[in-house]
Amino acid sequence: MKESWQKLGILAGGGGLPAAVVKACEAIGTHYRLVKLKGYADENLDPYDGDLCQLAELGKIIKSLKDNNCDAVVLVGNVSRPNFSQIRPDWQGAKLLPKIIKAARHGDGALLEVLVGYFTEEGFKVIGADDVAAPLKAPQGQIGEYSPSPEDMEDMQKASQLVAALGPFDVGQGAVVRDGYVIAIEAAEGTDKMLERCLHLFTDHIEDQPDAPKGVLLKRPKPKQELRVDLPTIGVETVKRVAEAGLAGIAVEAGKALIVEKKEVIAAANAKGIFIYGYRSEDLPPPSASQPPHLDHD
């Protein structure tokens, strides 16, 4: 991709994605400056130089980016919603805080739009992690040794429709469906905690071969989602938790999800005997008569 910017500011939250973006920048020779969010950024970023800022220190963050001649910014990694009554913003953070709190009442999507707008107003080009680290994008089709069954594909269809239909309510990007039965929907707890709930459901309530791998975790963007800052992401930990939950595999929307440490993820999935599949809507079977109609909010 031909860059329309000169130097990238990487605003890093938790998880493995920020380190993957840093490595991608170094691999292709992209100039960058790392800003680690205190309390969120993982220790896997320790080897990389950068500034450490509180989430609400927007003035300090902007100063770091501008002092280091960044003209673009990417927001990557997990950042849980803070307790607004306990954060200590700097002057610029305090100016924006009322707008952030108001947006947060409408969901994380609205909150992210405020942040994107803020960085844009400050003169930065906001880009997606997939723009600088294209190899992280999920490819189409089977990823690894195992492939989904026709029943798995039907579960994907239902899970995909479910996330799309619930999108206007700012529910999470993931759902678990098994034999057409909706097991779990991702909410504020995130994917990992959702998968923990699945394990208990299988153990306590589902008697039909609870030890047989069956069912699909699907992650996809919500309708009208800001794709530059919140693409669905899976990694080795996702594979581990899917296997522990007794599911058959993982489905992500091809080109609209990221796979962190792809080789390691594929190796883990192969070792656990689960599939990973990058789907397109046209790959999925038509909804069965028993499924509710798709609610189109686009």
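This short talk walks through the nonpolar cores and the aromatic pairs of the structure above.

Please keep in mind that this is a predicted model, in which local features need pLDDT of at least 70 and side-chain atom pairs count only at pLDDT 80 or more, while totals for chains, interfaces and linings use all residues. Residues are numbered from 1 along each chain as its sequence is written, and side-chain values use heavy atoms, with hydrogens and water left out.

Let me begin with the largest nonpolar core, which has 26 residues; a nonpolar core is a set of buried Ala, Val, Leu, Ile, Met, Phe, Trp, Tyr and Cys residues joined through side-chain atoms within 4.5 Å, where buried means under 20% relative accessible area, with a 1.4 Å probe and protein chains only. Among the members that touch the most others are Leu11, Phe119 and Phe124. Helix 4 (108-121) gives this core its largest share, seven residues, where helices are DSSP runs of H or I with at least four residues, numbered from the N terminus.

What does Phe119 touch? With contact taken as heavy atoms within 4.5 Å, and leaving aside residues up to four places away in sequence, its partners include Leu11, Ile61, Val73 and Phe124.

Turning to the rings, the structure holds two aromatic pairs, meaning Phe, Tyr or Trp rings (for Trp, the six-membered one) whose centres lie within 6.5 Å, with planes under 30 degrees apart called stacked, over 60 edge-to-face and the rest tilted. Tyr118 and Phe119 are edge-to-face at 5.7 Å centre to centre and 70 degrees between the planes, and Phe119 and Phe124 are edge-to-face at 6.3 Å and 70 degrees. Tyr118 counts as buried because its relative accessibility is 7%.

How values were computed. Buried means under 20% relative accessible area, exposed over 50%, partly exposed in between (1.4 Å probe, protein chains only). Helices (H or I, at least four residues) and strands (E, at least two) are DSSP runs, numbered from the N terminus.
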